[in-house]
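Here are my notes from going through the model you sent. Have it open while you read, and take the points in any order you like.

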Amino acid sequence: MDWQEIESALKACPIVPVLAVPHIDDAAPLATALAAGGITVSEITLRTDAGLPSIAAFKSSAPGMVVGMGTVLSPADLDASVAAGADFIVTPGFDAGLLAALAQSPVPTLPGVGTAGEAMAARNAGIKRVKLFPAEVVGGAAMIKGLGGPLQDMAFMPTGGVTLDNMGDYLALKNVYAVGGTWIAKTEHIEAGDWEGIANRAKAAREAALNLRR
């Protein structure tokens, strides 16, 4: 999968749920619920043991969904995620070794950045799509707008503190291609089996996002 395919999916829904799947048995119904709500791209995280095997479960239950792996912290995590079938890779940040591995990844990568210097480092490694994290802590929409001046060829996915209430501030910016967040399917929602609620939150987020982008 390449960026053109991912961006095509994000045009249909520029919301990327960030998911910590508690148990592998939760993965299939979670994927089904998100797809029912119109989600086209999801980020499963490596924060639980169910992370890696959940990729296959998502692809089986929601065949049209683009599925990425997040909370990738090392080149070993990157390799394991690619082997598990991740369509793209997301990190909360990077060191020199991880950035070098991301630049050589066989699948698209979104390194996390929190400063202009980190954004420049990613750009100099040939990576021009990044995640701003934790977005609300490091400057939010104002920071992304500011970075758009000197870094005009870079695009951002803010994650961290993004909600249904504030995502419009980000999606209004031309250098934001999507937003990521946990509010659609928090761990407590998944553990409770609240699949209808997850589907409804996904649908509401997608509709709001598409209205903002018209």
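Which residue in β9 is the bridge partner of isoleucine 15? Point 2 has the reply.

Some housekeeping before that. This is a predicted model, where local features need pLDDT of at least 70 and side-chain atom pairs count only at pLDDT 80 or more, while totals for chains, interfaces and linings use all residues. Numbering starts from 1 along each chain as its sequence is written, and side-chain values use heavy atoms, with hydrogens and water left out.

1. The six-stranded sheet. Six strands make an open sheet with parallel pairing, in the order β5-β4-β3-β2-β1-β9. Strands here are DSSP E runs of at least two residues and helices are H or I runs of at least four, both numbered from the N terminus. Two strands pair if DSSP finds at least two bridges between them. At the edges sit β5 (109-110) and β9 (179-181), each pairing on one side only.

2. The β1/β9 pair. The partner asked about above is valine 179. Strand β1 (residues 15-19) runs parallel to β9, and three bridges join them.

3. The three-stranded sheet. There is also an open sheet of three strands, ordered β6-β7-β8 and paired in parallel. Its edge strands are β6 (112-113) and β8 (155-158), each with pairing on one side only. Between β7 and β8 there are four bridges, in the parallel sense; one of the residue pairs is lysine 131 with methionine 157 of β8.

4. A cis proline. Have a look at the peptide bond from phenylalanine 133 to proline 134: it is cis, with omega near -15 degrees. Proline 134 is in the loop between β7 (129-132) and α7 (135-138). For context, most peptide bonds are trans, and most residues other than glycine have a negative phi.

5. A positive phi. Threonine 71 isn't a glycine, yet its phi is positive, about 55 degrees. You'll find threonine 71 in the loop between β3 (66-70) and α4 (75-83). Is threonine 71 buried or exposed? Buried, at a relative accessible area of 17%; the cut-offs are under 20% for buried, over 50% for exposed and partly exposed in between, with a 1.4 Å probe and protein chains only.

6. A helix pair. Helix α2 (residues 27-36) packs with helix α11 (residues 195-213) at an angle of about 35 degrees, and their axes are 7 Å apart. Axes are lines fitted to C-alpha atoms over the stretch in contact, with angles from 0 to 180 degrees between N-to-C directions. Contact (heavy atoms within 4.5 Å) involves Pro29, Leu30, Ala33, Leu34 and Ala36 of α2, and Trp195, Ile198, Ala199 and Ala202 of α11.
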